[in-house]
Amino acid sequence: MSKIPYTKFADQVLQDTMNKCLDMRHQFVTPEHLLYGLLEQDRFAAAIDYYADLISLVPALNDYLDKMEKVPSDMLYQPETSIQFSQLLDAAYKNVAYSSAENLDVPHLTRALLGLDDSWAAYMLKKELGENVDEFMGDLISNYEDTDEEANEDSEEEESHDRQQWKRLVTCLNDTVAQHHPLIGREKELERTIQVLCRKDKNNPLHVGEPGVGKTALVYGLTSRIVKGDVPDRLKDCKVFQMDLGTMLAGTQFRGDFEKRIKQVMEGVQKEGNAIVYIDEIHNLVGAGRGSDGSMDASNMLKPYMEEGNIRFIGSTTYDEYNRYFSKSRGIVRRFQQIDILEPSIEETIHIIQGIQKQYENFHHVKYKKDAIRYAVESSAKYINERFLPDKAIDLIDEAGAFREIHPTDKKTQYVDKALINDILQRICKVDAVALKEDNNHALESLEQRIKARIYGQDEAVREVVEAVQMSKAGLLDENKPLASLLFVGPTGVGKTEVARVLAQELGIQLVRFDMSEYTEKHTVAKLIGSPAGYVGYEDGGLLTDAIRKTPNCVLLLDEIEKAHQDIYNILLQVMDYASLTDNKGRKADFRNVVLIMTSNAGAQYAGQAVGFEANTSRGAAMLRQVKKTFKPEFINRLSGTVVFHDMDLKMAGMILDKKLRELQEKLTLKNVTMQLSAEARKHLLSEGFTKEYGAREMDRVIASQLKPLLMREILFGKLKKGGETRVDIENGKLKINEK
């Protein structure tokens, strides 16, 4: 029954009904809205005016509608049909079915309205008509039957209107092709597309490829060749119409509207003759327009037209959407010929951008230097992840041109060079330190000295870390591996974590730290890449993959790696081998610009127990032997370096003490306090804070427990309330503050 066509008067009254509901912001379409729409029609008003008092009926109807609950004006919504309105439509369909009528007309709707129980509109209408219901219905039917002759006179006009109406739902690419970039390359894919279009059966190409590889550009390239006549005779003078499903669905309010539009477009294209329908994001066909009653979707409605073969279709979709939606509709898949559109190579992309370079230069009023184009393509391929060439390279040169246009230099010709491309790239992908800067070799050269100035006694460890970073910058490492994968081995408190922190600060990149003691259980390791589907936390994504996606250029510190569950090593093997990690939703995180540092205290309990010939072996070296027993060979084999940290000696402890005291003095300076330590006080702190077993952390504890409380009391309650100078001495084996 839902397929019964409406007369133009019935269609108009239903449109007026919906518009009244929207204007008054009511949530549900009701029979009262329909009564308002009926009274708007001259033929209905002329029939009822003889039997009813419209002067009282119309105001009463408006008062009733005004009292209905309204949806807030700042809320987007789509009205739904009320239960009574649905009953009314069903009754109207039955009225048509039981009569000899072919179309649903206004009298059918009116009869259904009068038949409603517990309806205010039906009650008011019956009250006004009294015993004249049958006479009124007779007049109403006569009024609408008189339209037959007018309908015949207007048929040609309506046919012309329908012919124009379908063209409003599609875009003729032949008319707009000049506004788009020319197609550069893709000869094989274009030739295959033309070949499929010239087939007798199943002449529908389906372009499948990742977003941004040029699927839409290929269709514009085909259209351009059709316009120029550079195609086989079978395609000459052919028109390409793009059908957007969003446009087709927009404004479809009643059941059957979407199907009507599909049929209208298909019949219009058939009458046009020698036409191709292009459907971008064709996977949206599956399920589009389908209601809860199991009615057909758009893909099923198009099958007959595909079967006939006189309308050719070109579709485009991504691999992900194809597998998720499109492949499920076997009947549609077999009617298409799949053509894979692969990502172009770097050289092909350079050729593509050189072909469209002039258009961007004219638009932005700039000139692109030759090396800037190549650099934009190569660097976008390397650093911009989860997107594809040529789209990401075109975006880069477009944004660089826009920046130069609104920030011109003082030169006559505005050039876009490598430096500007580099600056834009840093903002886009957040790779903003060693990896991109070509002029920072001097900074890298002094990196070792700068870190040594802040890390004492671990010169060999610092040298290995710096060399790993410099090696990457020199381009001597595999590009598909992290900048460095280092394992720091040594006793507690000797500076393993501090080296990672200082390295990040000196390189100007972020330190991303994970405490591996939080991942001792098997299920907690899954959090790093995301919980599997069906488990708690699936929607949250992976902690590690999300962190690297946000900051792809960083120092990644996995502290105390030996405390994590064994499954962590399976994850790290992939990171160290391919610089890539896939989360639970299939998204990749790129580790190519990450310095991976893992620290370990493995074997610390055995390091001080060396006897015999091993008595002179350092704790770090002894721990290194234990590390080889703790970690799997395939894990150790993928490390770019294992860095051994030495035990703390007295000289190193003295340097660390002076550093801690300088940091304390910086805090005191904010309080206008100057502190001076006597030689005896410094010696006392050194003797108390130096232990090989606990490293530098013992120094922190001694300063915090013995020195800081004295200063705290003087600053809060004593002579240093307003600042001043003070001297720390030793008296009876304890620290004491004296006036300077």
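These are my notebook entries on what I looked up in this predicted model.

**Ground rules.** I number residues from 1 along each chain as its sequence is written, and because the model is predicted, local features need pLDDT of at least 70 and side-chain atom pairs count only at pLDDT 80 or more, while totals for chains, interfaces and linings use all residues. Side-chain values use heavy atoms, with hydrogens and water left out.

**Overall make-up.** I looked up the secondary structure and found 34 helices and 20 strands in the chain, where helices (H or I, at least four residues) and strands (E, at least two) are DSSP runs numbered from the N terminus. Of the 740 residues of the chain, 46% count as buried; I use buried for under 20% relative accessible area, exposed for over 50% and partly exposed for in between, with a 1.4 Å probe and protein chains only. I then turned to contacts, meaning heavy atoms within 4.5 Å, and noted that 74% of those in the chain with a separation of 6 or more come from residues 24 or more positions apart.

**Helix 1.** After helix 1 comes R25, with a positive phi near 55 degrees.

**Helix 2 against helix 4.** I looked at how helix 2 (residues 31-40) packs with helix 4 (residues 54-66), and their angle is about 145 degrees with the axes 10 Å apart. Here the axes are lines fitted to C-alpha atoms, for helices over the stretch in contact, and angles run from 0 to 180 degrees between N-to-C directions. The crossing of this pair is left-handed, which is the term used if the near helix is turned anticlockwise from the far one by less than a right angle, with right-handed for clockwise. From helix 2, the residues E32, H33, L35, Y36 and L39 meet L54, L57, V58, L61, N62, Y64 and L65 of helix 4. The residues of this contact divide into 9 nonpolar, 2 polar and 1 charged, where Ala, Val, Leu, Ile, Met, Phe, Trp, Tyr, Cys and Pro count as nonpolar, Asp, Glu, Lys and Arg as charged, and the others, Gly among them, as polar.

**Nonpolar cores.** I next asked which residues have the most contacts inside the largest nonpolar core. That core has 44 residues, and the ones in question are F44, I48, L104, L109, L113, L129 and F136; a nonpolar core is a set of buried Ala, Val, Leu, Ile, Met, Phe, Trp, Tyr and Cys residues joined through side-chain atoms within 4.5 Å. At least two residues of this core come from each of helix 1 (8-23), helix 2, helix 3 (42-49), helix 4, helix 5 (83-98), helix 6 (106-114), helix 7 (120-129) and helix 8 (133-145). Another core, of 34 residues, lies apart from it and has V489, F514, L558 and M598 among its members. In soluble globular proteins, nonpolar side chains tend to be buried together.

**Helix 6.** I found helix 6 mostly covered, with 8 of its 9 residues buried, namely V106, P107, H108, L109, T110, A112, L113 and L114. What covers these buried residues includes helix 1, helix 2, helix 3, helix 5, helix 7 and helix 8.

T193 is found in helix 11 and is buried, with a relative accessible area of 1%. Not counting residues up to four places away in sequence, T193 touches P205, H207, L218, L222, I314 and I339; T193 and L222 are 29 residues apart in sequence and 8.4 Å apart in space, C-alpha to C-alpha. Y375, in helix 19, counts as buried at 11% relative accessibility.

**Backbone entries.** Most residues other than glycine have a negative phi, and most peptide bonds are trans. I noted R186, which is not a glycine but has a positive phi of about 60 degrees, in the loop between helix 10 (173-176) and helix 11 (187-197). A579 has a positive phi near 55 degrees and lies in the loop between helix 28 (567-578) and strand 14 (580-582). The peptide bond from L389 to P390 is cis, with omega near 0 degrees.
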